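This report describes selected side-chain features of one protein structure. Please view the sequence and the model together while reading.

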Amino acid sequence: GWSYRLPTQAEWQYACRGGTTTAFHFGKNAENIEEYAWVSNPAKDTYEDHSHEVGLKRPNQFGLFDMHGNVQEWSASSHYEKKVTCGGYWSGNPEECRSASWDTAGPTWEFQEHIGFRVVLVPPKGPFKSTEERGVSARSPRKQFALADLNSTRFTGNLRVTSDSQD
């Protein structure tokens with residue numbers, strides 16, 4: 001059946017960009033970041049001290065919320081044997097929330113309040129159409145991602161996990 005996993009750093013960045021090639025999915029700079037992200041911004045005298053419920057800010061072009069700010073997110077990637085977290089978080093500055101922003105995290109970060117995650121939904125193995133059959137040309141910027149995701153994964157959206165969950 002279907003399974004879930006953490007996204008790779010490249011997949012997370014692609015999802016964060018929402019089909020754009022700019023530093024933020026909403027443009028080249030962080031000028032309007034408060035519309036899209038929970039982040040501290042000393043230049044505008046705004047400071048955050050905790051994470052927030054997902055979906056209260058504007059989504060990116062893929063419909064994903066809180067890709068910039070709120071919490072850093074675990075990825076399946078690692079760098080020098082440390083796990084990679086992507087994006088910025090609520091007490092970081094806007095530049096730390098760029099689509100390509102990442103950090104490494106050791107074991108002591110495992111249960112930090114500023115780190116969260118989202119998952120990729122992976123369909124069961126089976127006959128999948130090739131990238132070309134799906135209409136992605138060899139020159140398309142999506143080609144690299146389509147090949148990286150083995151033609152079979154997609155982001156499921158936003159997931160909020162709380163410690164008082166009854167599930």
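In what follows, a residue is buried if its relative accessible area is under 20%, exposed if over 50%, and partly exposed in between (1.4 Å probe, protein chains only). The model is predicted: local features need pLDDT of at least 70, side-chain atom pairs count only at pLDDT 80 or more, and totals for chains, interfaces and linings use all residues. Residues are numbered from 1 along each chain as its sequence is written, and side-chain values use heavy atoms, with hydrogens and water left out.

**Aromatic rings**

Rings of Phe, Tyr and Trp (its six-membered ring) pair if their centres lie within 6.5 Å; planes under 30 degrees apart count as stacked, over 60 as edge-to-face and the rest as tilted. The structure contains 4 aromatic pairs. Two of them are listed here.

| Pair | Centre to centre | Angle of planes | Type |
|---|---|---|---|
| F26 and Y36 | 4.5 Å | 5° | stacked |
| Y89 and W90 | 5.7 Å | 85° | edge-to-face |

Both F26 and Y36 lie in the loop between α1 (9-17) and β2 (72-79), so their pair ties together parts that are 10 residues apart in sequence. Here helices (H or I, at least four residues) and strands (E, at least two) are DSSP runs, numbered from the N terminus. Y36 is buried, at a relative accessible area of 11%. Ring pairs also join F24, F26 and Y36 into a cluster. In the other listed pair, W90 is buried at 9% relative accessibility, whereas Y89 is partly exposed at 23%.

A charge can also sit over a ring, provided that NZ of Lys or CZ of Arg is within 6 Å of the ring centre and within 35 degrees of the ring normal. The charged end of K57 is placed in this way over the ring of W38, 4.2 Å from its centre.

**A buried arginine**

R118 is found in the loop between β5 (115-116) and β6 (120-122). With a relative accessibility of 4%, R118 is buried. Its side chain makes a polar contact with the side chain of E73 at 2.7 Å; such a contact is a pair of N or O atoms within 3.5 Å, where within protein one must be able to donate a hydrogen and the other to accept it, and residues adjacent in sequence count only if both atoms are side-chain atoms. A polar atom of the R118 side chain also lies 3.0 Å from the backbone oxygen of F65.

**Cysteines**

A disulfide is a pair of cysteine sulfur atoms within 2.5 Å, and the whole structure has 0 disulfides. For C16, the nearest cysteine sulfur is that of C86, 8.7 Å away. For C97, the nearest is that of C16, at 9.1 Å. C16 is buried, with a relative accessible area of 0%, and C97 is likewise buried at 0%.
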